[in-house]
There are 2 protein chains.
Amino acid sequence: MRKSYLMTPGPTPVPPQVLLSQAKPIIHHRTPEYTKIFVEVLEGLQYIFETKNDIILFSSSGTGAMESSVVNLFSAGDKVIVTSNGKFGDRFVQLGETYGLEVIKHEYKWHQVVKPDDIKKSLDENPDVKGVFVTQSETSTGVLNDVKAIGEIVKATNAVLVVDSITGIGAVETKTDEWNLDIVMTGSQKGLMLPPGLAAVSVSEKAWKLAEKSTLPKFYFSWAKAKKALEKKQNPFTPAVSLIVGLRESLKMMREEGLENIIKRHAQLADAVRAGVTAIGLELFAPSEGRGNAVTAVKVPEGVDGKAIPRIMSSKYGVTIAGGQEHLAGKIFRLGHLGYYDKFDITTALSALEMTLQELGYQFEKGVSLKAAEKVLSS
Amino acid sequence: MRKSYLMTPGPTPVPPQVLLSQAKPIIHHRTPEYTKIFVEVLEGLQYIFETKNDIILFSSSGTGAMESSVVNLFSAGDKVIVTSNGKFGDRFVQLGETYGLEVIKHEYKWHQVVKPDDIKKSLDENPDVKGVFVTQSETSTGVLNDVKAIGEIVKATNAVLVVDSITGIGAVETKTDEWNLDIVMTGSQKGLMLPPGLAAVSVSEKAWKLAEKSTLPKFYFSWAKAKKALEKKQNPFTPAVSLIVGLRESLKMMREEGLENIIKRHAQLADAVRAGVTAIGLELFAPSEGRGNAVTAVKVPEGVDGKAIPRIMSSKYGVTIAGGQEHLAGKIFRLGHLGYYDKFDITTALSALEMTLQELGYQFEKGVSLKAAEKVLSS
């Protein structure tokens, strides 16, 4: 007998009641029964996104939603600012370049936050910029960028603000309307507590106006097709029915808990992880001014085989965590606590981590990370 | 107590054991556990597609796979032949035009089959054609096009043959390699007996060579990215894990039945439906030279409210069938028998149809369609 614990920043664990709701017999998507579910899901997403904007669903991973923001808003040659301090910011750079946009890159080190002032300066110098791309919560590092401050800056210009909140939504505050976030996107396998396969994008009025001028080719990811279908409470193409049925269930759970409580819970879990790992002498990767609640990246201590940490935690203790990506492979490990997690998932993860580090020869007082975490978790 | 019967050409019913397999705890997609499943799925698909070609999976509907064949094979201005005798053939025309291809349209009436000779003539006249698009099984009408004959013609040219087999695979013969079908695609919610949300595309060597020259922009639907990940038995972006777990289960069932038996079963079910509806004086929409096994389109008899047929069958008898699409709305209805169907699903559908037609004032001898169907089903 061995239990499995999924503690990666996506896919995240799916509550049993959500998994079982997906085991119901498949219904057809052009029926009143489906429409009722679809409408409930859209309203639930608007609640979680804190928006009155249209929400568009795609059967795709989060990358599909990212691509949709490029092909629906812009035309080849359009000037955009793309900020990047991690793997997913880099993906926006690649997407912009793939579609022939003129990309003004604002690249930061992966342990730094995006500086809103840099965007302001860049927008002042380039009044013809049509869009600004920001990753709210960098899944590759756990770094949190201040999209509220950036929203305030971009609001005053003709540009639209595109926010990748794939690991932000449901973990940190993302006040779409209040903060003037024109585009906000997330994926199903994150804070929404679903299997992967769905992505959601909210589109502001300002963004719809810009989208009218876009000449980049699109079909499957066309927002216009989605909007037309939305008027009839339908999807343009066959939707991932079972995932949408599951999403209704997970959104119901989220409504019951309440968005504010969800974010408080995530903040507490993240605080506990941080308290735990620092108590045994480990260092956090994200800077103090930009730490999200979705995932905690921890530096691999000197003399320890970084790649062995996720490997042993998984093979020996059944706890799946993520390693570092790209140049951070072997240099950090990432504990996900986004979505369906409670206090005791954190003590589980820290306990398995301690056992693993011990095996790898790292010196520390046993149990101290649990003690530090429990202090936070019981407060 | 009311039972529900889904008899549309997609989504199709999902076997309970497949539904339940999707309710297993989510696993991460960068683990040996996932890789094992993924490899099994790819091998299973190659068996069903009758191919040794690479198979690429997308988390998307079938339309995403269709779009992928346009953006990965061609460049703006490339000349292609697109045949169409229904809604999904038309979709290829729209896709080709969206991406700036020079589309030579071969349009037929929806009750006609695509004529291979027309393609031959067109290829002779246009030796610079780079691709030919054919819908094997038109979901909108049940008409079957002869992709074997077309494969024979296209093979001799530099063009690649793109086959939409979304409702073909698993219902009719689709001998990808033997028939020289360069691209073959299907969707999960069809013969593969899964919920919607996955699409599969097989790519021949000839197609890979053409793809190297393609300059159309792509990212999420990039075959090259998929191929690169495939070398490591991975997906380029987070895959729809639960659907892939389900697909392993349904492919296992398909292997146990055997492809030949699956197709024989579909042929028998389709024969039974045709025998049944014609026995009560109804007419088939598809011509005798092109009738598939996935869906049977039936003409609405004179004096009967065509839109009321699916409505009453669903609301009163719990049997969901499909109406006609586009200009055929109200003029035909479509009984799906693709995927998880056996003999008694056919008698169920015919019985509910008789009860519905009776209510709508159509004159016929009661029970005669069942009698005719049973004759076929017990042979």
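What share of the contacts in chain A with a separation of 6 or more comes from residues 24 or more positions apart? It's 73%, where a contact means two C-beta atoms, placed from the backbone, within 7 Å.

The model is predicted, so local features need pLDDT of at least 70 and side-chain atom pairs count only at pLDDT 80 or more, while totals for chains, interfaces and linings use all residues. Residues are numbered from 1 along each chain as its sequence is written, and chains are lettered from A and ligands numbered from 1 in the order in which they are written.

**View 1. Chain A as a whole.** Chain A has 13 helices and twelve strands, taken as DSSP runs numbered from the N terminus (helices: H or I, at least four residues; strands: E, at least two). Its C-alpha trace spans about 60 × 55 × 35 Å along the principal axes. The radius of gyration of chain A, 21 Å, is close to the 21 Å that the globule rule gives for 379 residues, so chain A is as compact as a globular protein of that length. That radius is taken over C-alpha atoms, and the rule is 2.2 Å times the number of residues to the power 0.38. Of the 379 residues, 56% are buried, i.e. with 20 or more other C-beta atoms (placed from the backbone) within 10 Å of their own.

**View 2. The buried side of helix α13(A).** In α13 (residues 368–377) of chain A, the buried residues are A:S369, A:L370, A:A372 and A:A373. They sit on the same side of α13(A) because they cover an arc of only 165 degrees around the axis, judged by the directions from the helix axis to the C-beta atoms. Their cover includes α10 (259–279) and α12 (343–359) of chain A.

**View 3. A three-stranded open sheet in chain A.** The order is β9-β12-β11 (chain A), with antiparallel pairing; strands pair if DSSP finds at least two bridges between them. At the edges are β9 (295–299) and β11 (322–323) of chain A, each pairing on one side only. β11(A) joins β12 (residues 332–336) of chain A over two bridges, and A:A322 stands opposite A:R334 in β12(A).

**View 4. Where chain B meets chain A.** Each chain brings 40 residues to the contact. On chain B's side, α1 (16–21), α3 (62–73), α4 (87–98) and α9 (241–257) of chain B are the elements giving two or more residues. The copies meet through the same surface, because 98% of the interface residues of chain B are also interface residues in chain A.

Key
Buried ≥ 20, exposed ≤ 12 C-beta atoms within 10 Å, placed from the backbone.
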